[in-house]
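Shall we explore a protein model together? Have a look at it first, and then we will talk it through.

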Amino acid sequence: MALTPQLLERICGDRSSLISGAKRLFRTTARKVDQHRTAIAALIIRGVAVLSGFVVTFLIASRMGAAANGQFALISQSAIFLAVIGLMGLEVGVVRHFAKTAATQAKLTLGSVLRVAALAAGLLGTIALLLWFGGAFVWDFAFGAEVPREFLLVLCVLLVGRGGALLFGGLLRSQHRFEFGQIIAAVTIPLTTALALATGFARSVEEALWAAAIAALLSIAAGALGMRRHVARGPDAVAIPLRSVMISSVPLWGVGIANSIGDWYGLAVAASTLGAAEAGLYRVAVQIAMTLQIISIGLFSVYSAKISTAFHADDRNQVALLARSAVRLSTAAAVPMALVLLAASGFILDQIGEEFRAALPLVYILIVGQLAFTLTGPCGLVLAMSGHERINLAITVGGTALLLICVPIAAQMGGLKGIAACISTILLLRNVIAYGVVQRKLGIGIWTGTARPIEGNTAP
């Protein structure tokens with residue numbers, strides 16, 4: 001074919017159109033990425049946290065066996081659970097109230113931060129002292145003969161460190177320091193523990209727990225340094241009354257306990273009913289399924305402060321759009337990830353050890369449950385950040401009571417599979433109820449991103 005001027009012009013025109021289209025696609029993609037930069041960063045950070053936690057589980061389980069993995073899981077999860085109890089919801093309450101300064105671009109008074117930190121230290125210290133002076137009675141009641149009592153000191157240090165890391169993570173997120181706040185609260189501890197195990201600095205369960213405890217204390221120090229830029233002493237600084245924080249924190253406290261009791265209670269029932277080795281199997285299954293929490297927890301932790309800020313601005317339409325963005329982003333990422341996990345779980349368990357193959361049915365149950373939970377969106381979060389903490393508390397208290405009653409029965413009837421199915425079902429039920437309340441009480445459609453007119457004022 002002869003290369004005529006007309007054909008040359010057509011080829012150049014087509015090439016120019018392709019280049020122009022590619023540029024538009026690149027600009028659109030870059031704009032979308034920039035819009036969701038914080039959310040994407042949250043997913044990456046949460047991914048590192050979950051991966052680090054799984055590495056810890058993998059190294060302990062493959063080197064020391066299922067019983068050792070169960071012991072580590074019991075102590076570490078107990079520390080988290082006790083830290084949540086000790087904080088009395090402060091780690092969420094500060095996000096709810098301290099986010100006010102992010103909305104006005106102001107700084108916090110130093111006294112506001114110090115009062116919250118001092119109260120948290122006193123509460124966590126009280127829990128640690130009760131454990132320490134409770135002696136054999138408390139230890140035998142909590143762990144029986146499954147965990148050596150020599151772990152008591154590291155448990156006390158770890159719960160104080162965990163609580164402090166959660167508090168400063170919440171303080172940083174309230175100031176929209178999302179990445180740093182999540183690193184402090186979620187990444188530093190498991191990553192340091194994984195490195196200690198991988199490099200040989202930690203060669204036993206107790207040494208791995210001490211690595212986690214030291215990392216938690218370092219997280220507190222880093223969080224305190226990170227908050228320095230957000231506090232001031234001048235007249236323009238905003239003072240947040242501790243009483244206001246506590247009024248919201250106590251209802252949110254029940255939510256925090258309910259959210260963390262599932263992991264701890266499942267392990268505790270598995271250990272007391274079936275033994276430490278079975279608890280170790282359960283922990284491995286939970287760690288694999290928790291990969292999906294990269295999506296829900298990572299995104300929802302970012303959107304909590306944004307939703308609170310929107311409510312402070314009395315902008316329910318913005319709240320609805322934020323909730324829709326959270327649930328759609330989480331679903332788009334969670335569905336393919338769930339399919340990959342379902343296909344790869346058997347191979348992963350084989351790499352840990354032959355005895356862990358028995359955990360495969362648990363993995364399937366927990367993955368399906370976590371996916372269903374993600375699809376229902378951040379309903380409890382919207383309730384909590386909108387000033388309806390008591391409604392959210394009532395839902396979670398009811399779910400927790402059901403959990404406490406049903407899990408031991410499920411363990412007796414169905415073993416580890418019964419525990420996994422029971423916990424997954426109750427957590428999903430809680431979120432479905434919250435979904436309906438958000439639509440009826442606030443007029444907000446989580447999936448549609450719309451806010452219908454309602455009577456009264458829902459602003460905090």
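This is a predicted model: local features need pLDDT of at least 70, side-chain atom pairs count only at pLDDT 80 or more; totals for chains, interfaces and linings use all residues.

Student: How do the axes of helix α10 and helix α13 lie: parallel, perpendicular or oblique?
Tutor: Let's start with the angle. The axes of α10 (residues 276-289) and α13 (residues 360-375) come within 9 Å and cross at roughly 40 degrees. Angles under 35 degrees would count as roughly parallel, and 65 to 115 as roughly perpendicular. That is why α10 is called oblique to α13.

Student: Which class of residue makes up ten of those in the contact of α10 with α13?
Tutor: Good thing to check! On the α10 side are L281, Y282, A285, V286, I288 and A289, and they meet L362, V363, L366, I367 and Q370 in α13. One residue in this contact is polar and none is charged, while the ten are nonpolar.

Student: Which element gives the largest share of the lining of the largest pocket?
Tutor: The largest pocket has a volume of about 540 Å³. Of its 20 lining residues, the closest to the centre include V138, F141 and W264. Elements giving two or more residues to this lining are α3 (66-87), α5 (110-143) and α9 (242-274). The largest share, seven residues, comes from α5.

Student: How many polar residues are in the lining of the second largest pocket?
Tutor: This pocket holds about 200 Å³ of space. Ten residues line it, and among those nearest its centre are T101, Q105 and Q175. By class, the lining has three nonpolar and two charged residues, and its polar residues number five.

Technical notes: Residues are numbered from 1 along each chain as its sequence is written. Side-chain values use heavy atoms; hydrogens and water are left out. Axes are lines fitted to C-alpha atoms, for helices over the stretch in contact, and angles run from 0 to 180 degrees between N-to-C directions. Helices (H or I, at least four residues) and strands (E, at least two) are DSSP runs, numbered from the N terminus. Angles under 35 degrees count as roughly parallel, over 145 as roughly antiparallel, 65 to 115 as roughly perpendicular and the rest as oblique. Contact means heavy atoms within 4.5 Å. Ala, Val, Leu, Ile, Met, Phe, Trp, Tyr, Cys and Pro count as nonpolar, Asp, Glu, Lys and Arg as charged, and the others, Gly among them, as polar. On a 1 Å grid over the protein atoms alone, a cavity is a set of points where a 1.4 Å probe fits but cannot get out, and a pocket is an open set with protein on both sides within 12 Å along at least five of seven lines; lining residues have an atom within 4 Å of a point. Grid points are joined across faces, edges and corners, and a volume is the space filled by probe spheres set on the points.
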